[in-house]
Amino acid sequence: MPAKTVVFTNVRKFDGDKFRWLSSGEYIQMSGRAGRRGIDQRGICILMVDEKMEPSTAKMMLKGTADCLNSAFHLSYNMLLNQLRCEDGDPEKLLRLSFYQFQADRALPDIEIHDSWCPSRRCIRFFSSIAHSARRASLTTPSTAASARLPPASRPALSPAHHPLIVPHPPARGLPARLRAFFSKQVKALEKERDSIVIDEEESLKDYYNLLQQYKSLKKDVRDIVYDPKYCLPFLQPGRLVSLLYSSYDKKSSVSQEQITWGIIINFQKIISHVEDKRPENSQYTVDVLTRCVVVKEAGTKKSVKIVHLKEQGEPAVISVPLSQIDSLSVVRIYIPKDLLPFEVRENTLKILSEVYSRFLKDGIPNLDPEEDMKVQSNSYRKAVRRIEALERLFEKHEIRNLPLIQQNIQVLHDKQELSAKIKSIKKSLRSSTALAFKDELKSHKRVLRRLGYITSDDVVEVKGQVACEISSADELTLTELLFSGIFKDIGIEEIVALLSCFVWQEKLQDGRKPREELDLLFSQLQETARRVSNVQLDCKVPIDVESTVNSFRPDIMEAVYAWAKGSKFFEIMELSSVFEGSLIRAIRRLEEVLQQLTCAAKSLGETEMEDKFQEAVVKIKRDIVFAASLYL
């Protein structure tokens with residue numbers, strides 16, 4: 001409800017896994033309550049910040065946009081069976097008309113268009129804006145909408161020749177025909193440009209290029225292992241020389257290349273993380289390095305600092321870099337002044353670094369040995385080093401290594417590979433524009449239903465499928481399998497209620513009470529049934545974690561629900577479990593929904609005895625404070 005003032009007692013919240021900052025959407029939602037319409041001219045919002053907050057985090061929270069509305073639609077067996085049971089039901093049509101499918105289609109036109117092969121970006125933006133409305137049977141203008149009330153004979157006839165927005169036969173979904181034709185034309189233009197690039201000894205060069213890519217990948221793997229915090233933190237002392245990776249734009253080739261420069265370590269610090277029980281060696285760190293930089297002014301008043309080579313023009317600056325940007329650590333350490341704020345002090349310190357760099361120019365500045373100095377003991381490191389050495393031997397023996405203009409040819413081949421990647425990306429997007437979301441899931445779900453005997457090979461719903469159609473508040477497959485196994489016929493009403501509580505209780509208790517022997521035996525049968533159903537789904541290529549699914553059934557409130565069905569008071573059943581009162585009430589209310597659905601399922605089967613049992617169970621649990629209209633009455 002609205003109020004004059006909204007107070008945030010904390011700017012963090014627990015999301016079930018860790019404490020995190022409030023998102024901009026959450027802040028907008030809660031702070032929007034401040035100010036009563038017709039009473040207050042403005043609302044007041046107070047944030048009680050009792051810990052350090054980075055300016056970027058505060059800006060994201062206060063000035064960020066609202067959270068996006070994303071579809072949470074998922075394909076369930078109950079929905080699929082109900083669609084198949086209807087005479088005119090069509091699961092594919094339902095999926096095609098879903099909001100999830102709409103969002104999937106909406107994202108398709110957002111293909112990056114390069115200036116070199118797209119003369120008009122405005123054309124792409126224009127077609128992207130009309131892509132969604134073009135999924136209808138036809139596009140209408142305001143004049144056609146107004147003339148819809150006229151008799152058919154008197155309506156003005158519109159055709160593609162008269163109006164450029166009219167699509168003769170647009171597809172039912174996906175990209176409009178004009179946009180698809182445009183992208184197809186661009187694909188042909190890219191293929192023509194790619195095929196026009198002719199390189200001497202291209203196959204040999206391609207083999208050499210692939211070796212280079214493997215070499216770079218292995219070097220990155222080695223760097224990630226060596227500069228893991230547990231190995232490199234003891235060597236990040238102030239004054240140690242460090243080589244850094246940075247990107248440099250080559251004007252001749254018009255590409256960004258990775259270069260190496262040197263700097264001096266000033267300090268390192270741990271990135272603040274509020275994840276509980278995290279080992280220090282697995283935390284993330286940044287290193288403060290003094291190196292040569294240039295300040296680049298971007299749009300507006302924003303400025304960015306970019307690293308340049310030590311010998312290039314720039315100013316000395318201390319910047320924070322992640323460990324992944326470190327290329328190597330040197331054995332050399334130099335003295336650094338305590339106060340680096342004055343420009344002259346930083347410049348003189350970099351002059352000392354330049355002198356060291358010049359002295360070791362011939363052989364290079366010596367680096368720390370990962371195994372001898374840093375004590376890196378890792379099998380993956382040794383394996384990667386051996387593969388690097390094997391690749392280096394292949395480089396020395398390769399037939400085109402010493403050919404003239406080898407670097408230029410490699411760059412041309414790289415550009416050709418980039419064109420092929422663009423072509424592949426656009427073709428994939430065009431193919432997916434006509435693909436149905438959940439298509440594979442739909443096939444695998446139908447496969448599961450056939451395997452378990454819920455539908456026939458002609459998608460006709462069987463008796464088991466009709467029962468599963470009635471269950472929507474619990475795991476329909478596992479519950480239906482239990483029902484057909486006859487387990488509910490051999491146990492009493494209290495045991496039925498206790499067993500069904502495992503379907504509605506999702507919270508995990510660390511000190512949950514173990515149920516008595518007869519209830520524990522029922523729970524074991526439930527786990528066996530859930531494991532069998534999960535294995536069938538896994539065999540049918542449904543992405544499912546069998547153990548997680550089995551462990552999702554919890555016996556924590558079986559004793560409490562059993563006692564409640566026996567007629568115990570609410571304060572008595574609270575002594576049998578360590579859960580919150582509201583959680584237990586919510587679970588029992590959900591349990592009543594499941595029992596009502598099982599009553600309908602037994603009625604559809606013609607099982608009068610089971611129907612009476614489930615109905616009596618509803619009567620036994622639907623009483624007292626649990627089902628009161630208000631807890632305050």
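I begin with helix H18, which gives the most to the lining of the second largest pocket, with four residues. Helices here are DSSP runs of H or I with at least four residues, strands are runs of E with at least two, and both are numbered from the N terminus. This is a predicted model, in which local features need pLDDT of at least 70 and side-chain atom pairs count only at pLDDT 80 or more, while totals for chains, interfaces and linings use all residues. Residues are numbered from 1 along each chain as its sequence is written, and side-chain values use heavy atoms, with hydrogens and water left out.

A pocket is an open set of points on a 1 Å grid over the protein atoms alone, where a 1.4 Å probe fits, with protein on both sides within 12 Å along at least five of seven lines; lining residues have an atom within 4 Å of a point. The second largest pocket holds about 450 Å³ of space, the volume being that filled by probe spheres set on points joined across faces, edges and corners. Its lining comprises 26 residues, and Tyr77, Asp475, Glu476, Gln537 and Ile544 lie nearest the centre. Helices H14 (439–452), H16 (476–485), H17 (493–504) and H18 (517–539) each give two or more residues to this lining.

Tyr77 also belongs to the buried residues of helix H3. In H3 (residues 77–85), seven of nine residues are buried, that is, under 20% relative accessible area with a 1.4 Å probe and protein chains only. The cover over them includes H14, H16 and H18.

Turning to the cores, a nonpolar core is a set of buried Ala, Val, Leu, Ile, Met, Phe, Trp, Tyr and Cys residues joined through side-chain atoms within 4.5 Å. The largest has 56 residues, and Leu500 is one of those with the most contacts inside it. Helix H22 (581–605) is among the elements that supply at least two residues, and its share of 10 residues is the largest. Beyond its neighbours within four places in sequence, Leu500 is in contact (heavy atoms within 4.5 Å) with Leu479, Phe488, Leu591, Leu595 and Leu598. Another core, of 42 residues, lies apart from it and includes Ile307 and Phe395.

How values were computed
Buried means under 20% relative accessible area, exposed over 50%, partly exposed in between (1.4 Å probe, protein chains only).
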